[in-house]
Amino acid sequence: MLALKRSAGVLAHFARFAADLVLPPICPGCSVAVGDGNALCAGCWSTIRFIAPPLCPVYGTPFAYDLGDGILSAEALADPPPFRRARAATVYGDVARRLVHQMKYYDRPHLAETMAKAMRRAGGPLLAESGVIVPVPLYRWRLWRRRFNQAALLAASLSRLTGLPADPFILERMRATRQQVGLSATQRAENVRGAFRVPEAARAKIAGRGVLLVDDVYTSGATAKAATRALLRGGAAAVDVLTFARVTR
Ligand SMILES: [Zn+2]
């Protein structure tokens with residue numbers, strides 16, 4: 001396992017070295033030339049909206065004003081989620097969208113490291129109270145087309161940064177689901193209902209433990225909620241959700 005990890009690290013390092021030889025490093029947010037292609041330029045840093053308190057203690061949505069400790073958002077009161085808490089590093093704006101897109105489609109998986117650092121800051125207490133990090137899985141066919149799962153890359157980076165184990169085999173996507181883009185909230189929930197499960201053999205790994213579910217973007221919450229329900233059915237004591245970005249209304 002250690003040898004495998006090490007060789008993956010060497011490979012990633014080599015891939016980055018090779019990419020740097022071919023292309024000068026550019027900002028992943030806006031494509032201007034920079035010293036390090038995994039870091040945002042100053043302009044992008046200033047426009048990205050990192051999420052910081054005050055925020056809803058359950059959904060992690062930013063509040064415009066500090067309402068005091070323990071005050072829940074209207075969403076948390078009206079629709080209590082199955083997960084304990086959700087947190088995200090940034091608001092899903094232009095720069096965050098480009099970062100996610102670059103990591104997902106342009107074979108720049110090392111960007112995950114930069115994004116995971118922001119997630120570690122946003123998810124401090126969640127990381128402290130979790131026993132294992134579980135990425136939201138892709139269906140096999142989609143994984144094959146894309147070659148890697150962006151949530152698994154973020155989970156692996158978070159694991160390296162924090163020492164918490166990450167395990168992409170605890171949760172399984174049993175069927176292909178339509179892309180959530182363009183679906184209404186009800187359609188999204190319908191689309192992912194019953195799509196996840198914890199295989200029998202993985203149950204012992206989460207029995208009675210806190211699980212940190214990781215994904216790139218939190219949109220309607222339909223995916224996070226369906227995955228959380230599967231983890232709780234599989235025996236997890238509690239589930240927290242940590243994403244790089246989240247859509248805010
Ligand atoms: Zn930039």
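The conversation below takes the labels in turn.

Modeller: This is a predicted model, in which local features need pLDDT of at least 70 and side-chain atom pairs count only at pLDDT 80 or more, while totals for chains, interfaces and linings use all residues. Residues are numbered from 1 along each chain as its sequence is written, and side-chain values use heavy atoms, with hydrogens and water left out.

Biologist: How is the lining of the largest cavity divided by residue class?

Modeller: It has 10 nonpolar residues, 2 polar and no charged, where Ala, Val, Leu, Ile, Met, Phe, Trp, Tyr, Cys and Pro count as nonpolar, Asp, Glu, Lys and Arg as charged, and the others, Gly among them, as polar. Helix 5 (residues 111–122) gives the largest share of that lining, 4 residues; helices (H or I, at least four residues) and strands (E, at least two) are DSSP runs numbered from the N terminus.

Biologist: What is known of the second largest pocket?

Modeller: Its volume is about 780 Å³, and of its 36 lining residues Lys104, Gln179, Gln180, Asp216 and Thr219 lie nearest the centre. By class, that lining has 16 nonpolar, 11 polar and 9 charged residues.

Biologist: Why is the aromatic pair of Tyr59 and Phe83 called edge-to-face?

Modeller: Rings of Phe, Tyr and Trp (its six-membered ring) pair if their centres lie within 6.5 Å, and planes under 30 degrees apart count as stacked, over 60 as edge-to-face and the rest as tilted. The structure holds 3 aromatic pairs; in that of Tyr59 and Phe83 the centres are 5.8 Å apart with 90° between the planes, and the pair is therefore edge-to-face. Tyr59 lies in the loop between helix 2 and helix 3 and Phe83 in the loop between helix 3 and strand 1 (85–91), so the pair ties together parts 24 residues apart in sequence.

Biologist: Which residues does the cis peptide bond join?

Modeller: The bond joins Pro53 and Pro54, with omega about 5°, and Pro54 sits in the loop between helix 2 and helix 3.

Conventions
1 Å grid on protein atoms, 1.4 Å probe; cavity = no way out; pocket = protein on both sides within 12 Å on 5 of 7 lines; lining within 4 Å. Points joined across faces, edges and corners; volume = space filled by probe spheres on them.
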